[in-house]
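Subject: Two-chain structure for your files

Hello,

I am passing on the structure we talked about. Please open it first; my notes follow below.

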Amino acid sequence: MVKKSSPALPPGSEWTFEALEAYDEAIGRAAASYQLDCYPHVLEVISAEQMMDAYASIGMPVYYHHWSYGKHFLSTENRYKRGQMGLAYEIVINSDPCIAYLMEENTLPMQGLVIAHAAYGHNSFFKGNHLFKQWTSADAIVDYLVFAKQFIAQSEERYGVAVVEKLLDACHALQNLGVDRFKRSPRLSLEKESVRQQERADYLQAQVNDLWRTLPPHLATSQTAQEARFPVEPEENLLYFIEKNAPLLEPWQREIVRIVRKIGQYFYPQRQTQVMNEGWACFWHYTLLNTLYDEGALSDGFMLEFLQSHTNVVYQPPYNSPHYGGINPYALGFAMWRDIRRICEHPSDEDREWFPEIAGSNWRDTFEFAMQNFKDESFIAQYLSPQLMRDFRFFSVLDDDARDKLQIQAIHNDSGYRALRSQLSDQYNLGSREPNIQVWNVDLRGDRSLTLRHFSQQRRPLDESSKVVLEHVAYLWGFTVRLESQDSHDNVSLVAECMREKRSGHVGTGH
Amino acid sequence: MPLHIVDRRLDSKHKSSVNRGRFIERFKGQIRKAVSDAINKRGIRDIDNGEKIGISGKDIEEPQFAHGQGGAWETVRPGNDRFSSGEQVDRPRGGSAGRGGGKAGKDGESLDEFMFTLTRDEFLDIFFDELALPNLVKQHLARVEQYRRVRAGYTQNGVPTNINFARTMRGAVSRRIAVGGPYAAQLRALMAQLEELKDSLTDDDPEMQRLRAEIARLHAKMDRVPFVDTFDLRYNNHIRVPLPSTQAVMFCLLDVSGSMDEGRKNIAKRFFMLLYLFLTRNYERIEVVFIRHHTVAAEVDEDEFFTSRESGGTVVSSALKLMHKIIATRYPSNQWNIYGAQASDGDNWDDDSSRCRELLAQSLLPLTQYFAYIEITQGPPQNLWEEYTKLAATQADHFAMRRIATVADIYPVFRDLFKRKV
């Protein structure tokens, strides 16, 4: 390709602040030429140790204290020092302005890669994707974390570290079950949280007490009312249910349950869009840096180092390789976005048949639409092409413990494409990956026991740790908690039960 | 959109130290056991380092609701190299590879040890905990080095009490000259001009008035140069230099007769470690000599010192004699601070114990800074203990002894030693 003249960017491997600025400016220009819509961003240069700190607190700049983050820190530190693991090149925070961390140990080409990947790639995804728009308030998350940290620190001071720790342990065990999948969460804000916190605490307590006060006074009527369940519909958001209804929690405890729930919700879109998000960021760092190279701004040395890192990141080992650890979301995501561009620009007959609406269309418009309106599950169901399935040589295996052998269900051929695609899409459906557990009933007029029901799919059982989790639920609920499992034939069996002594006297106006 | 690059490298490190501390606090029981094992494995001279330890991964799991083994799973995998649809394939060995990614790995992982590295401070903290050291002593031992503050020139910032007036004023004078200099030259020129014109022109001549105004302006400008500026301030500078330290030699005397079992040796090891740690705080260079004895004494390396085990009787004086000989040949007492630490179960030949007392009193104690003896036993005291008791009565400054059953009893042996130095 003929190189157009463009001011060369600083070469070499040592970075300086001036060089970072020059790179950011050039990459920003390239991004603008593709109409990439981003939040403004801040680059923060940090040391390796700070990167480990950031790792331990899930990348957030402020976070409350808990032993489990200490554990993550220690294990990261140990592996890093033994050289088993390089630190991630980048951490990027979905906030407005978007914060991207650059580690000081990185070479200049790596910093360029991180800027393109995080500060433009991930950043534009955070800004555009509907899940992030709906679930997270980028402008308020840091403030909310500050509030959470302060509140938890105050609670520790007032009630003791051990008590708060026990509560947080219990909440963390349920963090993945703290999401409303269908409702949008209200916007978070520091002032509002602080001001309304006390108000809400009082109100919540009153609500809970009310619930117990409305119990029918006569045992005679309870027989007929037995049919009415509470909650009326099964509730999938366990933490929300506990926050609103657990009879014995103090207001400050409810607030902490809420904090863990809110933060879990903030990370929910990230869990749902891993393939899309990482693939998007990889696609853009690849595209932006290649654009700059074609303009003559980057040296061959830069490109060689960049391409080596890039190739490592998007490598997919085959199923029988010792390095195989599932499908690499970077590899799949990057390949899919590249494939969509190919379908738009150079569609084959097969593509025209499979994707009539995008074949030959403007790739940037198609990209924006796909990036904004999908999550991993639907993205794969919509855009995974036969070409890509052949490239990855995908095949689908059924492992049924009722059979002696594994069965190959589908491979990358005409009869298998649709089955493969829907199977892979389902693999990214959080609802089928994680056990489906819902609040089923509360024995309002008896022992106040809480019954959770696991809706078993494909005879998949729960693992042993469920019993430990159940103890945490019982701690929060304060009374006996039961876990039942319902199979596909609607047979219900008791999985585990965690007994709690009824602590009379703790319940304000209840009877 | 202006770009912000923030350099955070100088921000507070150790953001995770609270979380790290919480983790260690929570699993103190397991960690303490791991540390104890580590101490038994490591050398006396390595006590002052951090340590990589492992605790059971099972204990520290964070449970979540998850699927267990079983049921039906269909998964898509990449890299098909031989399969066609509908084919039946044998389950790979282990039975898990056909299943959803990661699950089986997680189960296997949870049984592994969780490895991590304790820092030197955390390690010592747990070590001290076990030895039941008083806090003052803990601080003394954990401190890296002792420093002295000495004068070291002048700096431009400091606290008001440290202002050096002579330097400050000298700087102020130079600055006033330097800043006011150009005005002074102009002023002189204008004055000369004024002097020249005074005779030919009247006072209200505009030229005269212009000159006078100009002169007044320059005066005002010069007055505005401050007498002392913050820029002139100089402070006496102090820096910390490590205290001069000297060299010491530590003799470890261990009874390796048949009755000294592993448990007793581990107690003895901690006894030696504690003395070593104390010496590292006070001396720059420390040598350690290991002498083990049963009926005869020998100088050995550390490995052999703790691992070998002999049977037969015990002649304690043999070790004391060897120690004396080594001092005479290698560690002249005018150049070395000599410390002795002896551990035994108290058995000795009957007629040897009085010789031990004489040896200590007459030839060894005059040369040593401190000699500590522990008797690791639950039985009744024997003659060596009785003889040493006589010694302790007269030589309390240099000599300490104690009968101990657990590691927590070790510290009182050194109580006088620490009291003196702390």
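Chain B is divided into domain 1 (14-57 + 100-131), domain 2 (160-237) and domain 3 (246-421), with bounds from an automatic or database domain assignment. This is a predicted model, in which local features need pLDDT of at least 70, side-chain atom pairs count only at pLDDT 80 or more, and totals for chains, interfaces and linings use all residues. Residues are numbered from 1 along each chain as its sequence is written, and chains are lettered from A and ligands numbered from 1 in the order in which they are written.

The C-alpha centres of domains 2 and 3 of chain B are 79 Å apart. In chain A, the centres of domain 3 (338-432) and domain 4 (434-498) are 36 Å apart, taken over C-alpha atoms.

The contact involves 77 residues of chain A and 55 of chain B (contact: C-beta atoms, placed from the backbone, within 7 Å). The chain B side has 19 nonpolar, 19 polar and 17 charged residues (nonpolar: Ala, Val, Leu, Ile, Met, Phe, Trp, Tyr, Cys and Pro; charged: Asp, Glu, Lys and Arg; polar: the others, Gly among them).

Both chains contribute to an open antiparallel sheet of four strands, in the order β3(B)-β4(A)-β5(A)-β4(B). Strands are DSSP runs of E, at least two residues, numbered from the N terminus, and two strands pair if DSSP finds at least two bridges between them. β3 and β4 of chain B are the edge strands, each pairing on one side only. Strand β4 (395-400) of chain A pairs with β3(B) over six bridges, and V397(A) is opposite T75(B). Strand β5 (406-411) of chain A pairs with β4(B) over two bridges, where Q407(A) faces Q88(B).

Regards

Notes. Two residues are in contact if their C-beta atoms, placed from the backbone, lie within 7 Å.
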